[in-house]
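Please consider the structure shown below. The paragraphs that follow lead through selected parts of it in turn.

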Amino acid sequence: VDDQLRVHGQERVFAIGDISDAERNMAGMAGFQADFLAANLKALVTGEGELGHYRINPPMIAVPLGPEGGAGQFPGVDGVVSAEMVASVKGRAMLVEMHTQNFDAPPKAA
Ligand SMILES: Cc1cc2nc3c(=O)[nH]c(=O)nc-3n(C[C@H](O)[C@H](O)[C@H](O)COP(=O)(O)OP(=O)(O)OC[C@H]3O[C@@H](n4cnc5c(N)ncnc54)[C@H](O)[C@@H]3O)c2cc1C
């Protein structure tokens, strides 16, 4: 794909996620690409606004070890990030809240 995630040689075919060669094959990157492409497609369809250019994300990984442990590397943070930071970003809820928002499916009240 090119830097607008357009399949080379195609005018209106785009690819995101593992099937594209935009960047590392990670769910998080696929999500960034989805947000980027949704905005670009909206601009393309409506003719309003400029199409953006996708920028590869800096290295990023969060490895939770249970709900309170883990380690990782985050952009803008020197060295290995703390277990507390990894737990707050991923380990405690495993991104469930983000996914329920994406699917507009809030968890049922207990
Ligand atoms: C063991 C493992 C651990 C991972 N851990 C992490 C992690 O911790 N963090 C992270 O960010 N990423 C992780 N990844 C990578 C992450 O899973 C992928 O980058 C992400 O799932 C890519 O999303 P996608 O939608 O592009 O592709 P996929 O999730 O592979 O989705 C493609 C879908 O298309 C379906 N499909 C395929 N062919 C057809 C067809 N012909 N017709 C209809 N449907 C079809 C498939 O069944 C699948 O459901 C991990 C991957 C693996 C294998």
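Is D18 buried or exposed? With a relative accessibility of 53%, D18 counts as exposed; the term buried stands for under 20% relative accessible area, exposed for over 50%, and partly exposed for what lies in between, with a 1.4 Å probe and protein chains only. The model is a predicted one, in which local features need pLDDT of at least 70 and side-chain atom pairs count only at pLDDT 80 or more, while totals for chains, interfaces and linings use all residues. Residues are numbered from 1 along each chain as its sequence is written, and side-chain values use heavy atoms, with hydrogens and water left out.

D18 is placed in the segment before α1; helices (H or I, at least four residues) and strands (E, at least two) are DSSP runs numbered from the N terminus. Apart from neighbours within four places in sequence, D18 is in contact with N25 and M26, where contact means heavy atoms within 4.5 Å. Between the C-alpha atoms of D18 and L51, which are 33 residues apart along the chain, the separation is 22 Å.

A polar side-chain atom of D18 is 2.7 Å from an oxygen atom of the ligand. Backbone atoms take part as well: a polar one of A27 lies 2.8 Å from a ligand oxygen, and a polar one of N25 lies 3.5 Å from a ligand oxygen. The ligand taken alone exposes 990 Å², of which the protein buries 23%; accessible areas come from the Shrake-Rupley method with a 1.4 Å probe, and for residues only the protein chains shown count as cover.

S20 likewise lies in the segment before α1 (27–46). S20 is buried, with a relative accessible area of 6%, and, leaving aside neighbours within four places in sequence, S20 is in contact with V1, A15, N25 and Q33. A polar atom of the S20 side chain lies 3.2 Å from the backbone nitrogen of A22.

The next topic is charge pairing. Side chains of opposite charge can pair when their charged atoms come close. A salt bridge requires a side-chain nitrogen of Lys or Arg within 4 Å of a carboxyl oxygen of Asp or Glu, and by this rule there are four salt bridges. One of them joins E23 and R24, whose closest N and O atoms are 3.7 Å apart. E23 is buried at 11% relative accessible area, whereas R24 is partly exposed at 31%.

Another salt bridge joins R92 to E68, with 3.1 Å between the closest N and O atoms. This pair links distant parts of the chain, 24 residues apart: R92 is in the loop between α2 (83–91) and α3 (96–102), and E68 is in the loop between β1 (61–65) and β2 (69–73). R92 also meets E84 in a salt bridge of 2.8 Å, N to O. Both R92, at 42% relative accessible area, and E84, at 47%, are partly exposed.

Finally, strand β1 contains I61, a residue that is partly exposed at 41% relative accessibility. I61, M26 and V63 make a nonpolar surface patch of about 220 Å².

Notes:
Patches are made of residues with over 30% relative accessible area and no salt bridge: like charges are joined within 9 Å, nonpolar side chains (Val, Leu, Ile, Met, Phe, Trp, Tyr) within 5 Å. A polar contact is a pair of N or O atoms within 3.5 Å; within protein, one must be able to donate a hydrogen and the other to accept it, and residues adjacent in sequence count only if both atoms are side-chain atoms.
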